[in-house]
Amino acid sequence: MTPMANTAIIGAGISGLACARRLSEAGRTVRLFDKGRGVGGRMATRRVETPSGVAQFDHGAQYVATRDDRFRSALNATGSAVAPWEAARTGLSTRGAAAGSGDPPLVGSPTMSAIPRALAAGLDTQVSTRIMSILRTPKGWSLTKEDGASEGPFESVVVATPAEQAGSLLSEHSKRLADEAAEATTAPCWAGLFAYAAAPGTDLQAIKPVDHPAISWVACDSAKPGRPNALSCWVVHARPDWTVAHLERPADEIISLLRKDLEAMIGTGPELVLAQAHRWRYALVEKAAPSPFGWDADLGLGSCGDWRIGARVEAAWLSGHELAGAMLA
Ligand SMILES: Cc1cc2nc3c(=O)[nH]c(=O)nc-3n(C[C@H](O)[C@H](O)[C@H](O)COP(=O)(O)OP(=O)(O)OC[C@H]3O[C@@H](n4cnc5c(N)ncnc54)[C@H](O)[C@@H]3O)c2cc1C
């Protein structure tokens, strides 16, 4: 029989994983649930087999900047799952950031999703499991899944989803936690994924255009460390305002618009092998909640996520890590 887990964590993105790791290292039993097919949330990688070879794209988070020593240590502990990607500085420098100084930007290797997978190692994780509601019973917390079955009881529950998805889980139980989620706002992002038969005529691997009406970021994924490079794979991220204006447009239309803008930057010529679009409804935090995590010790209910600090992988990790600290205090 599986022993009763102390804590259920809804969401196995970087914030839920950071919380789970710290609790688990302190001896708590933890079970993570995620509606996705794997862990990692927005630290995501798409791999597509094509007749010309594998196309691989990090279509969510592009690189990770580390400012906090605890976060840097946690990443270093994943060993070969992280690698420096100096080229991200080229993109950064176009908006005047400190290119060429500080710690190098990091990426997962051989995929961005390698980082969350390494952080999830040894944790009890159930993927493809959407939690619809949580219920407080005399025995503890019970979680209801999409198929109507329940999980539990648990002593405590952590909601580690984007703010917009946290509110409905929290609102019946804690007005404070639900109100905090309602304060945060997250912008959407259309991502275009393009694989070419050969490298286009540019040396650039990352571009952060200044004042482009549609594009906020372009990266050559096949130039990142450890990637398959039979194809030249590019990720294009649309600006939040452009995405909002095009949110419900069909993917084909988005692909054609983003392709035109991409090829205006990197050049045309090589044969296009694959083109896809991915819509992130909740991509980048625009307005953060008032505190880095939420914890109601009487209820045994907490919340964490990037939306409590800012639109960065490090912010998500810190939110989960600090919530676990409060739960252990
Ligand atoms: C296009 C894009 C580009 C980005 N670029 C960068 C970048 O270059 N650098 C950087 O630092 N950051 C970047 N970010 C932001 C970064 O990816 C996020 O800040 C971070 O990954 C958020 O982690 P999280 O754990 O808070 O949320 P998420 O990663 O969203 O994890 C939440 C998880 O909850 C799950 N979930 C939601 N509801 C339920 C439910 N009811 N039941 C079960 N599971 C549920 C989801 O499936 C998801 O896995 C980018 C994000 C996007 C989308």
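Which residues in α5 meet which residues in α6? A163, A166, G167 and L170 in α5 meet L177, A178, A181 and A182 in α6.

## About the model

This is a predicted model: local features need pLDDT of at least 70, side-chain atom pairs count only at pLDDT 80 or more, and totals for chains, interfaces and linings use all residues. Residues are numbered from 1 along each chain as its sequence is written.

Helices (H or I, at least four residues) and strands (E, at least two) are DSSP runs, numbered from the N terminus. Two residues are in contact if their C-beta atoms, placed from the backbone, lie within 7 Å.

Two packed helices are described by the angle between their axes and the distance between the axes. Axes here are lines fitted to C-alpha atoms, for helices over the stretch in contact, and angles run from 0 to 180 degrees between N-to-C directions.

Helix α5 covers residues 163–170, and helix α6 covers residues 175–183. Their axes come within 8 Å and cross at roughly 160°. That makes α5 roughly antiparallel to α6. Angles over 145 degrees count as roughly antiparallel, under 35 as roughly parallel, 65 to 115 as roughly perpendicular and the rest as oblique.

The crossing of α5 and α6 is left-handed. A crossing has this hand if the near helix is turned anticlockwise from the far one by less than a right angle, and is right-handed if clockwise. The contact of α5 with α6 has seven nonpolar, one polar and no charged residues. In these classes, Ala, Val, Leu, Ile, Met, Phe, Trp, Tyr, Cys and Pro count as nonpolar, Asp, Glu, Lys and Arg as charged, and the others, Gly among them, as polar.

## Two domains

Where do the domains touch? 19 residues of domain 1 are in contact with 24 residues of domain 2. On the domain 1 side, α4 (114–120), α5 and α9 (313–328) each supply at least two residues. The largest share of that side, five residues, comes from α9. By class, the side of domain 1 that touches domain 2 has 13 nonpolar, two polar and four charged residues.

## Helix α9 and its partners

Helix α9 also packs on other helices. The axes of α1 and α9 come within 7 Å and cross at roughly 35°. α1 passes α9 in a right-handed crossing. Residues of α1 in this contact include I14, S15 and L17, and those of α9 include V313, A316 and W317. The contact of α1 with α9 has 12 nonpolar, six polar and one charged residues.

Helix α2 (residues 69–76) packs against α9 at an angle of about 100°, with their axes 10 Å apart. α2 and α9 are therefore roughly perpendicular to each other. R70, F71 and A74 of α2 make the contact with E314, W317, L318 and H321 of α9. Four nonpolar, one polar and two charged residues make up this contact of α2 with α9.

## Around the ligand

Of the 37 residues around the ligand, G11, G13, S15, G41 and A316 come nearest. A residue is near a molecule if its C-beta atom, placed from the backbone, lies within 6 Å of it. By class, this shell has 19 nonpolar, 12 polar and six charged residues.

Four elements, α1 (14–25), β12 (185–196), β16 (272–287) and α9, each supply at least two residues of the shell. Domain 1 and domain 2 each give the shell at least three residues.

## Backbone details

A cis peptide bond joins S109 and P110, with omega about 10°. P110 is in the loop between β6 (106–108) and α4. The peptide bond from G152 to P153 is also cis, with omega near 5°. P153 lies in strand β10 (residues 150–154).

S128 has a phi near 50°, a positive value in a residue other than glycine. S128 is found in the loop between β7 (124–126) and β8 (131–137).

Methods: Domains from an automatic or database assignment.
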